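Reader: I'm new to looking at protein models. Could you walk me through how to read a few features in this one?

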Amino acid sequence: MKRSLIASLSTLLIFGGLLAACGELTPQATSTPPTSKSTDIATSVGTETATSIPTETAAFVNLDRNVYVWTSSTPNFVQIAATGDAQTAYPSPDGRLVAFIRTTDYQTYNIDVVRSDGADHRTLFSQDQFLALPRPEGTLSSAPLTLQWIPGSHLLAMTTRVVIQGPGTLIGKDLLVINADDGTFDTRLTESAGFTFAFSPDGKYIATGLADGVNLYDANGKAAAPAKFFDFPEVNTSSEYQYMPDIQWSLDGTRFAFFIPPVSPFFDPNGTTRVIEVKANDASYTTPIDTRMQYQYPMVLSPDFSFVAYTVITDPSIGAADLHIASMDGKKDVIYVPAKKTNQFSWSPDNRHFLFAYNDDRVTVANLGEVDGAGTTIPQVTSMRGGGWIDATHYMIVDKADSGWQVWSGQIGTEPKIVYSDTITDDGTTSLTINR
């Protein structure tokens, strides 16, 4: 039964590193977070969670900003929260809980949690707690940046950003871990600057990506490798944000990998991007691929690290690019789709099939692809806005149709069916999140 890091898939999937503004965060002397200690990750999974079979669960937030849930035992999405202010929802690894971020003004935030049957709705991390987190003087508040369930647990790992007036993003230095069963939390680790993070599928390791290096910790935040065991020159993004590598773990938890673009990707169009693969047991690393890849376009490894999907720009004026599927052993690299503006890509757990989408006029065309096989359009989908895999053969797609929003559920080899629909014709941001 697969059970790895939760994958959050919003209507506009962004591949590559998370974005952060340059600059340090200076804590306010008078702003100290409440002290509350979570259970260690190694002992955090309750008896019921540890012994029950995980339930495939997907959460959808519509334009009315309410939360809907689908499980493998229900035919369609069912509304479980009607708060009207939900931003993104995250089903727990066992499918029993759904955490969701709430905001009405994008300055003040709550994190709520509810059972997947709609019962026991409560606030898990309040506006007051966000306000109490350390942040520079003169800033407005703190807000959730990245929220992930730790595999096999009811623990939520969170990084934060500082809410400021004006453009830019300041990312906090702490990784917080919140116990969704009792509401306690602690600071699991602190970095020197903003960072990305990813837990290994077994929950034993945490890898973090900074603007100039990568670190590895054990589950409780103790260093498992020398500080910045892999370092690299900062990437010139030609903007106010910093590039920080987005960490991806192999499904067996023995390795993780990330992408390092050229120093000046916008001014060095022929510069190459390195794929760095790291062994978790000793932090030794290799560079299986070093080739030209389009910065900030889809760069995605298959779950077993056998293949990588990436794009190479062909017409900068319209953003057209060739979609490549390459084997990590260097023996094969084929142009799977030529000269399209590919903007979404998601591998199946079978490491052979994948969903991808490209822009065509005003719609985003949904496709199902296969390594060594031809890609096929999914004609039922009007304009794909997000998608992902429930298991090796079962996928879901968010669709913006003329009549409203829909979520399609499909199996490889069969026609998809609608499992959610509404009559909201406005455009906007929705989110689909799957607990795998």
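Predicted model: local features only at pLDDT ≥ 70, side-chain atom pairs only at ≥ 80, totals over all residues.

Reader: What makes 58% count as exposed for Asp-372?

Author: The cut-off for exposed is over 50% relative accessible area, and buried means under 20%. Asp-372 has 58%, so it goes in the exposed group.

Reader: Where does Asp-372 sit?

Author: Look in the loop between β29 (363-370) and β30 (373-377). Its backbone is worth a glance too: phi of Asp-372 is near 65°, a positive value in a residue other than glycine.

Reader: Is Phe-305 buried or exposed?

Author: Buried. The relative accessibility of Phe-305 is 4%, and the buried label applies under 20%.

Reader: Okay, on to rings. How many aromatic pairs are there?

Author: Two rings pair if their centres lie within 6.5 Å. By that rule, the count is 25 aromatic pairs. Take Phe-60 and Tyr-420: the ring centres are 4.8 Å apart and the planes are at 55°, so this pair is called tilted.

Reader: Which parts of the chain does the pair of Phe-60 and Tyr-420 tie together?

Author: Phe-60 belongs to strand β3 (residues 57-61) and Tyr-420 to strand β34 (residues 417-421), so the pair links parts that are 360 residues apart in sequence. Both Phe-60 and Tyr-420 are buried.

Reader: And why is the pair of Tyr-336 and Phe-354 called edge-to-face?

Author: Check the angle: planes over 60 degrees apart count as edge-to-face. The planes of Tyr-336 and Phe-354 are at 70°, with ring centres 5.1 Å apart, so that pair gets the label. Tyr-336 lies in strand β27 (residues 333-347) and Phe-354 in strand β28 (residues 353-360), so here the parts tied together are 18 residues apart in sequence. Tyr-336 and Phe-354 are both buried.

Reader: Which residues form an aromatic cluster?

Author: One cluster includes Tyr-205, Phe-229, Trp-249 and Tyr-285.

Reader: Last one: what lies 3.0 Å from a polar side-chain atom of Thr-433?

Author: The backbone oxygen of Ala-89. Thr-433 itself is in strand β35 (residues 431-434), and it is buried, at 0% relative accessible area.

How values were computed
Residues numbered from 1 in each chain as written. Heavy atoms only, no water. Phe/Tyr/Trp six-rings, centres within 6.5 Å; stacked < 30°, edge-to-face > 60°. Helix = DSSP H or I, 4+ residues; strand = E, 2+ residues; numbered from the N terminus. Buried < 20%, exposed > 50% of the residue type's maximum accessible area, 1.4 Å probe, protein only. Polar contact = N/O pair within 3.5 Å; in protein donor to acceptor, adjacent residues only side chain to side chain.
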